[in-house]
Amino acid sequence: MSVQEYLDKHALSRKIEDAVNAAVRAKTPDPVLFISNHMKKSVPSMITKVKARQILDSRGIPTVEVDLYTNKGMFRASAPSGASSGMYEAIELRDGDKGTYLGNGVSRAVRNVNEKISEALIGMDPTLQSQIDQAMIDLDRTEKKGELGANAILAVSMAACKAGAAEKEVPLYKHIAVLSGNTNLSLPIPAFTLLSGGKYAGNFLPVKQIMILPIGARQFEEALQMGSETYHHLKAVISKKYGTDGCSVGEDGGFAPSITSIREGLDLVKEAIGRTGYSEKLKIAIDVDATEFCIGTKYDLDFKSPNNSGQNFKSGEDMINIYKDLCADYPIVSIEDPFDKEDWEHAKHFSNLGICQVVGDDLLMSNTKRIERAVQESACNALLLKVNQIGTVTEAIEIVKLAKDAHWGVVISQRSGETEDAFIADLCVGLAVSQIKAGAPCRGERLAKYNQLLRIEEDLGDQAVYVGDDWRLS
Ligand code: 2PG
Ligand code: MG
């Protein structure tokens, strides 16, 4: 098409005249800027290019990054990746070629974006998130996104969401709120990892994370301050007891001293909390990640110990009693994956005791069918949502709704392999999800999320609501 034909087709002469008239009417001090902004609004809203590349995540393992272009600019997103992966979650496509990145390369997923997804999405309106996500699901044609890779699909989905927000000229969290039909924005309570164990660290602590929840803070900013101060007090406590080498950290930034039991870890955290003076304002949460040490129907709390006799296995009932005692002795308000992912019976029994929030991570795997079953059987009362286990923004919005309809709590979670992408921070606020788990208040890829929440709180100003005491309601 010639330039003249293009001008005629898009009625550009009239649009330019309108822009000039609008500038005159507005008595603008800078007509050129005014006219160019006015003209930008008449540019058609569409995806013009989608380009993926392989980058490394916080563990040094490849992941997919996507640059999605529209007439408004370039929008970037990257897929996180976790250690636990199960048969019910969306499939992360890896090359499997042992000679390159030990089989962890994602060049196939990258190619799928550059050759297949990009072709399907070019020309689409970036504000139409569900249509974009559906186009990728249709292109993939498998139940678990195994053809194109959930890592490829998710990175594009998040980049498109950012582009949609830019198109509407609103912050990402507001765009997500509109997409989900949510009108109450809120700042989540952060679950800060203080101690790392389980498969996150080389110590003998059986559970994966011991976290603190600053429920008594008045704003998110204060919550972050409480988390940071407690983290640094804990560093001093550990350093005194175990030496400075006890202050090395696990995958998500929690300290990993050579402790052997949950109580030893909880005592350290309790001492650190005592030093802050915040005591009542800070509660404790644990991710037990019990699937990791379930052997048959028993649980081996000594599974990491070199002196493990193999005789000290606990039954599901024993574990329930252990949790009861821990909740009585420490300010524990939330326990994630207290049992193996297939141990529905004990999960049900424990959850029905109503002692604390019971979060389903491996139990649910962010899988709709498993969430529906858990709601029906009351096997837990909170969802841990990992966006890459489901694979698109639209489906993430849907399962959060499912959990909220069941009056569950919702925790939007990091993965152990993270990037500097802060998408989940905006997702939490936009969906008014009341809990975020993004690791320690330390290390760049974790702070990317917490720092973004600071910015959102500032942006919301007087309208900002920190969930505080209402942290269990989503
Ligand atoms: C978890 C997650 C996040 P991963 O178990 O809650 O911390 O771990 O990403 O390693 O599966
Ligand atoms: Mg977990």
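Visitor: What makes the pair formed by Asp-287 and ligand 1 a polar contact?

Guide: In this predicted model, a polar side-chain atom of Asp-287 sits 3.2 Å from an oxygen atom of ligand 1. A polar contact is a pair of N or O atoms within 3.5 Å, so this pair qualifies. Asp-361 has a polar side-chain atom 3.0 Å from an oxygen atom of the ligand, and for Gln-414 the distance to a ligand oxygen atom is 3.1 Å. Taken alone, ligand 1 exposes 310 Å², and the protein buries 100% of that.

Visitor: How do you know what domain 1 and domain 2 bury between them?

Guide: The computed figure is about 2400 Å², with 55% of it on carbon and sulfur atoms. On the domain 1 side, Pro-80, Ser-84 and Tyr-88 supply 25% of the area buried against domain 2, more than any other three residues.

Visitor: Why is the meeting of Lys-145 and Glu-395 called a salt bridge?

Guide: Their side chains meet at 3.0 Å, N to O. The cut-off is 4 Å between a Lys or Arg side-chain nitrogen and an Asp or Glu carboxyl oxygen, so the pair counts. Between domain 1 and domain 2, the count is three salt bridges.

Methods: Residues numbered from 1 in each chain as written. Chains lettered and ligands numbered in written order. Predicted model: local features only at pLDDT ≥ 70, side-chain atom pairs only at ≥ 80, totals over all residues. Heavy atoms only, no water. Polar contact = N/O pair within 3.5 Å; in protein donor to acceptor, adjacent residues only side chain to side chain. Areas by Shrake-Rupley, 256 points an atom, 1.4 Å probe, with all protein chains shown as cover. Buried area = accessible area lost by both parts, 1.4 Å probe.
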